[in-house]
Each structure stands twice: as C-alpha cells, then as structure tokens.
Amino acid sequence: MSGWVAIAGLGPGDEALWTGEVSAALAEATDVLGYATYTARIPARPGLRVHASDNREELARARHALALAAGGKRAVIVSSGDPGVFAMAAAVFEVVAENPDWLALDIRVLPGITAMLAAAARAGAPLGHDFCAINLSDNLKPWDLIERRLRLAAQADFAMALYNPRSAARPAGLGRALDVLREECEPERLIVFAAAVTAPQEKITTVTLAAASPDMADMRTVILVGNKSTRQVGKFVYTPRRAG
Ligand code: SAH
C-alpha cells in the first residue's frame, strides 16, 4: 500500500469531538507524530508507532512525516483543534515549498474543531457576527504587529478570538493587549475567558473589559472579545445577527 501524510485536528480535547475522518485516518495509520501532549491523546495499539516531540520542532516533525510517507508509511501528524489554525499544516507546506519533490506524495489536511469554536459554543454565540482570530504569541511575529492587528480589529468592531494569551516566557503580553483594548473599546465590553474547554478542568468566565485581568488566562485559555453589540441573556453570551 502506498504511503500518505495526514495532518489531523484533534479538536479541543474530548474525543467525542474528533471527526469521523480523523478517527478513520488514525485507525489506518502506521505512525503518529506530534507534540507529546497531543500524541498522548491517541490510544496505543499494536502496529502504531508514536513519535512524540517538543512543540518547537515543527519543521523537523514535518520533514520526518514526509520521509515516512515517502517510505510507504501512513503518517498522521496530530494538532490540537484545527491543524490549519496556528498549527502544523502550514509547517508541512513550508517544508514542501522548500523541496517541491514532496508534492508527489499524498498529503491531506483533516480539519478539527478549533478552540475558539468550541469555546464560543460553550459561552453561547459570541462569534455570531464578523470576527477574527489573533495569536498573542510573539514567538513568530513582532509584538508591534500583534498590537496593530488588535487595535485595527477593535476599531473595525470585529469580535475576536485571542489564542496563546499567556505563557511563562511572555508574562507581560496579555496585560499590554488588554491595555490596547481599553484604549479602543468601552469598559462594558464583554470578554469570555474559556480555559481547558471540553476537558475536566474546563472553566468559562465572562467579565467586562473593565474587570478583565491577565491572571484570568493561562496557556490553555482562549479569550473571546465581543463586539460592541455583544450582550448576555441568562448565562449565555451572544452577538446579534445584525450590526451597524
Ligand atoms: N490548533 C489549535 C490552536 C493551537 S495554539 C486550535 O485550532 O485550537 C494553542 C492555543 O489554543 C492555546 O494557547 C489556547 O489559546 C488555545 N486552546 C487550545 N486548546 C484549548 C482548549 N481546550 N480550551 C481553550 N483554549 C484552547
């Protein structure tokens, strides 16, 4: 049987949110590659080799998977959420672009439920109108660009999903991001901190921008910022279907 590479999204955590297509690829796989936290979610079975690696080794992992497929293996690279959202799919294509011979391989991207959609569903419908997603990590882009995108998105009245809001290496970033939002938005703006969505430690907290503080987020939190019409009904947060 000829080899292939699938870059698969495992959703926010709970296996009930894997797609049928992802489950089928994992059932056929000879090799699974990914950050150790994500490969740990794959049940072991005879004949399945697991290659767990550090989160910073994306390009090496992509090369490894492509080489396995070239050798006839069926390799699945696993990402959390969706593999195309701040994750491995783009890293695979960066490697393919360096060496277009890899285009002869069967390469598939299998979507998953990204953190912002799982979080939005838990909260109600805060992304019910136009929205954007911004990664607050400055590992792969300068802070100035993050700040500019945040400011312009707020000025354009997009709701926002903020990924990677906080890590030990970047203690100050989220405070600066909240300061930018405070400069551009009213203090009553609704903000949802959604942590560990679908995991046993899940915690969803809704506050106003005035009450938001960086210690409400950790590495497994996605922050949803409403637009100026976002409101609450009972325990639900929603953004109306109409704007303007
Ligand atoms: N590809 C992933 C995102 C990877 S970036 C996706 O589509 O979801 C990692 C960031 O995703 C985390 O810092 C956090 O902001 C968010 N995230 C991932 N899983 C999450 C979960 N279960 N609950 C809340 N946020 C999560």
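Good morning. I begin with two helices, α6 and α7, whose crossing is right-handed. Please bear in mind that the model before you is predicted.

Which residues do these helices cover? Helix α6 comprises residues 143-155, and helix α7 comprises residues 173-184. Their axes lie 9 Å apart and form an angle of about 30°. Because angles under 35 degrees count as roughly parallel, α6 is described as roughly parallel to α7.

On the α6 side, the contact includes Trp-143, Leu-150 and Arg-151. On the α7 side, it includes Gly-173, Val-180 and Glu-184. Taken together, the residues of this contact divide into 6 nonpolar, 2 polar and 5 charged.

How do β7 and β8 pair? They pair in the parallel sense over 5 bridges, with β8 spanning residues 159-163. Within that pairing, Met-160 in β8 is the bridge partner of Cys-132.

These two strands belong to an open sheet of 5 strands, in the order β7-β8-β11-β9-β10, with mixed pairing. The edges are β7 (131-135) and β10 (203-208); each has a single partner strand, so one side of each is left without a neighbour in the sheet. From one strand to the next, the twist averages 20°.

Finally, I draw your attention to another open sheet, also of mixed pairing, in which 3 strands follow the order β6-β13-β12. Here the edge strands are β6 (124-125) and β12 (231-233). Strand β13, residues 236-238, pairs with β6 in the parallel sense over 2 bridges, and Tyr-238 in β13 is the bridge partner of Ala-125. Thank you.

Notes. Residues are numbered from 1 along each chain as its sequence is written. This is a predicted model: local features need pLDDT of at least 70, side-chain atom pairs count only at pLDDT 80 or more; totals for chains, interfaces and linings use all residues. Side-chain values use heavy atoms; hydrogens and water are left out. Two strands pair if DSSP finds at least two bridges between them. Helices (H or I, at least four residues) and strands (E, at least two) are DSSP runs, numbered from the N terminus. Axes are lines fitted to C-alpha atoms, for helices over the stretch in contact, and angles run from 0 to 180 degrees between N-to-C directions. Angles under 35 degrees count as roughly parallel, over 145 as roughly antiparallel, 65 to 115 as roughly perpendicular and the rest as oblique. A crossing is left-handed if the near helix is turned anticlockwise from the far one by less than a right angle, and right-handed if clockwise. Contact means heavy atoms within 4.5 Å. Ala, Val, Leu, Ile, Met, Phe, Trp, Tyr, Cys and Pro count as nonpolar, Asp, Glu, Lys and Arg as charged, and the others, Gly among them, as polar.
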